[in-house]
Amino acid sequence: MIDSLKKRIKIQKSNLKKDENGNHTLEWKDYYDCFAYVNNLSGSEYYEAAKTNRQNELYSVIRYSSEVKNIDSENYRIIFDGEIHNITFVDNVLYKNETIKLRATKEATNE
């Protein structure tokens, strides 16, 4: 799997920010760039997602590192191919600290 990490992804991290009126807003900042194996869901994963109208999901596999070991689905997202994907699930594959699998859903656009 490691030799198929050929797509570039950007991981962003959210920061809570206060504006001049005291309102809290989320600000996304680039956190980590890396190569990944990226694919749409397939097989049983796709059919499971289709049951809940989540067919716009993809998964990415990246190398484990100190930068990604604490990624979660609340504070991080993926930018892939110019599109925002919100992380829904993080898996340290077999707890081997070698690869991390990220499932993500494409963010809806206001078009």
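Strand β2 (residues 24–40) pairs with strand β3 (residues 57–63) in the antiparallel sense over four bridges; two strands count as paired if DSSP finds at least two bridges between them. Strands are DSSP runs of E with at least two residues, numbered from the N terminus. Within this pairing, Tyr 37 has Val 61 of β3 as its bridge partner.

The model is predicted, and local features need pLDDT of at least 70, side-chain atom pairs count only at pLDDT 80 or more, and totals for chains, interfaces and linings use all residues. Residues are numbered from 1 along each chain as its sequence is written, and side-chain values use heavy atoms, with hydrogens and water left out.

**Barrel**

Six strands close into a barrel in the order β1-β2-β3-β6-β5-β4, with antiparallel pairing. On average, neighbouring strands of this sheet are turned by 40° against each other, direction ignored.

**Aromatic pairs and charges over rings**

Two aromatic pairs are present in the structure. Rings of Phe, Tyr and Trp (its six-membered ring) pair if their centres lie within 6.5 Å; planes under 30 degrees apart count as stacked, over 60 as edge-to-face and the rest as tilted. Tyr 31 and Tyr 76 form an edge-to-face pair, because their ring planes stand at 65°, with the centres 5.4 Å apart. Since Tyr 31 belongs to strand β2 and Tyr 76 to strand β4, this pair ties together parts that are 45 residues apart in sequence. The rings of Tyr 37 and Tyr 59 have centres 6.0 Å apart and planes at 50°, so this pair is tilted. Tyr 37 lies in β2 and Tyr 59 in β3, and the pair therefore ties together parts that are 22 residues apart in sequence.

| Residue | Relative accessible area | Class |
|---|---|---|
| Tyr 31 | 34% | partly exposed |
| Tyr 76 | 7% | buried |
| Tyr 37 | 23% | partly exposed |
| Tyr 59 | 11% | buried |

The ring of Tyr 59 also has the charged end of Lys 101 over it, 4.4 Å from the ring centre. The charged end of Arg 8 sits over the ring of Phe 35, 4.4 Å from its centre. A charge sits over a ring if NZ of Lys or CZ of Arg is within 6 Å of the ring centre and within 35 degrees of the ring normal.

**Positive phi in loops**

Asp 81, in the loop between β4 (76–80) and β5 (83–92), has a positive phi near 55° and is exposed at 66% relative accessible area. Asn 97 has a positive phi of about 55° although it is not a glycine. Asn 97 is found in the loop between β5 and β6 (99–106) and is partly exposed, with a relative accessible area of 42%.

Methods: Buried < 20%, exposed > 50% of the residue type's maximum accessible area, 1.4 Å probe, protein only. Axes fitted to C-alpha atoms, helices over the stretch in contact; angles between N-to-C directions.
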